[in-house]
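User: I am new to this structure and would like to know what lies behind the terms used for it. Please take me through them one at a time.

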Amino acid sequence: MRQIQFIISNTQDCFKGDKKKFQDALSWLPLQEHSSILRYKYENDQQLALLSRLLRRYHLSKCLNKGWNDLVFGHLPKGKPYVILDDGWLEFNISHAGNWVVLGSTSYLSMRMGVDVVMIDKPQSESVQHYIYCFESQLHRNELKLIMNLDNEDMKLRTFYEIWACKESYIKALGVGLSIDLSKIEVYNNQNVLGIKYEEHSLNKWILHMSYIDINSILCVCCGYEDDTMELDSKLLDYRQSGSLLASPQITIDNHFQHVKLEDMIDIRSKH
């Protein structure tokens with residue numbers, strides 16, 4: 001069945017500062033993956049990296065009905081990971097920020113997916129307006145106009161991060177890293193859904209869905225087709241319509257995600 005799925009996890013819920021829990025969970029991964037986690041200097045960064053690797057094995061082992069240690073991963077030239085399959089299609093992407101890790105996947109044939117989580121981080125040593133103007137070269141002129149026309153600094157900052165998450169999710173879906181000029185991507189409110197353009201051309205085979213995990217954590221999902229002959233079905237269009245718009249006066253926390261803890265991963269490891 002064609003579908004898109006999301007799972008989330010939180011480092012505080014999983015590790016709670018317990019170094020033994022971290023070491024035990026690290027041992028669940030192949031040795032060759034340990035260096036990519038332990039290379040980080042700070043504990044929270046190591047926890048996020050570990051949880052990212054664990055979530056993908058948990059989710060893909062479950063979806064593909066394959067053994068935890070039987071999964072094999074590759075990387076695209078710009079670093080985007082993928083799972084090597086004998087047949088079928090399963091695209092996935094992972095993002096983390098703060099204490100949150102989010103994994104999204106799609107089994108729609110040939111569909112690309114990008115996921116980005118950002119935390120709203122208020123600048124301490126400069127005004128919000130000055131901070132946003134530091135990114136002027138990476139914003140489309142209409143995006144900057146939308147931000148600067150808002151009434152207060154909190155709304156300006158929140159909308160900036162919303163736009164940023166949407167842009168990042170699109171380039172993560174493409175798997176091209178930062179080789180794209182972000183100012184050529186325009187994210188905008190298109191009546192009751194989010195729209196996206198590249199070099200002033202509407203990307204009609206792509207959808208954006210934005211929501212909040214908590215009051216300061218924005219999640220944006222971008223999925224679609226590079227092939228213009230492919231069609232978005234009604235389920236995807238409904239999903240797009242359920243997301244938030246840019247600069248909405250009210251924040252709605254999305255409570256529909258499946259929260260995964262270490263205990264859930266132990267269960268899957270034992271079954272597969």
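Analyst: Two strands count as paired if DSSP finds at least two bridges between them. The model is predicted, and β10 and β11 pair in the antiparallel sense over eight bridges. Within this pair, Tyr 212 stands opposite Ile 218 in β11.

User: What makes β10 and β11 a hairpin?

Analyst: The two strands have two residues between them, and their pairing is antiparallel.

User: How do you know that β8 and β9 pair?

Analyst: The requirement is at least two bridges, and β8 and β9 have two bridges, in the antiparallel sense.

User: Why are β7 and β9 said to stand at the edges?

Analyst: The sheet is open and has three strands in the order β7-β8-β9, with antiparallel pairing. β7 and β9 (201-202) each have a single partner strand, so one side of each has no neighbour in the sheet. In general, strands of a sheet pair through backbone hydrogen bonds, either parallel or antiparallel.

User: Why is Ile 213 called buried?

Analyst: Buried means under 20% relative accessible area. Ile 213 has 7%, so Ile 213 is buried. Ile 213 is found in strand β10, where eight of the nine residues are buried.

User: Which residues does Ile 213 touch, leaving out those up to four places away in sequence?

Analyst: Ile 213 touches Ile 8, Trp 100, Val 102, Val 117, Leu 219 and Ile 253. The contact itself rests on heavy atoms within 4.5 Å.

User: What does Leu 208 touch?

Analyst: Not counting residues up to four places away in sequence, the contacts of Leu 208 include Cys 166, Val 187, Leu 194, Ile 196, Cys 220 and Arg 240.

User: How do you know that the buried residues of α6 line one face of the helix?

Analyst: The buried residues of α6 are Glu 143, Leu 144, Ile 147 and Met 148. Seen down the helix axis, they fall within an arc of 125°, so they line one face. These residues pack against α5, α7 and β7. On the other side of α6, Arg 141 and Lys 145 are exposed.

User: What sets Asn 65 and Gln 191 apart in their phi values?

Analyst: Most residues other than glycine have a negative phi. Asn 65 has a positive phi, near 55°, and Gln 191 has a positive phi of about 60°. Asn 65 is found in the loop between α4 (43-64) and β2 (73-75), and Gln 191 in the loop between β7 and β8.

User: Why do Asn 65 and Gln 191 count as exposed?

Analyst: Exposed means over 50% relative accessible area. Asn 65 has 60% and Gln 191 has 73%, so both are exposed.

User: What makes one space a cavity and another a pocket?

Analyst: In a cavity a 1.4 Å probe fits but cannot get out, whereas a pocket is open. The structure holds one cavity of 30 Å³ or more. The lining of the largest cavity includes Ile 8, Asp 13, Cys 14 and His 259, and β1 gives the most to this lining, with three residues. The largest pocket has a volume of about 800 Å³. Of its 25 lining residues, the closest to the centre are Gly 79, Pro 81, Asn 93, Ile 94 and Lys 172.

Terms used:
Residues are numbered from 1 along each chain as its sequence is written. This is a predicted model: local features need pLDDT of at least 70, side-chain atom pairs count only at pLDDT 80 or more; totals for chains, interfaces and linings use all residues. Side-chain values use heavy atoms; hydrogens and water are left out. Helices (H or I, at least four residues) and strands (E, at least two) are DSSP runs, numbered from the N terminus. Buried means under 20% relative accessible area, exposed over 50%, partly exposed in between (1.4 Å probe, protein chains only). The arc is that of the directions from the helix axis to the C-beta atoms. On a 1 Å grid over the protein atoms alone, a cavity is a set of points where a 1.4 Å probe fits but cannot get out, and a pocket is an open set with protein on both sides within 12 Å along at least five of seven lines; lining residues have an atom within 4 Å of a point. Grid points are joined across faces, edges and corners, and a volume is the space filled by probe spheres set on the points.
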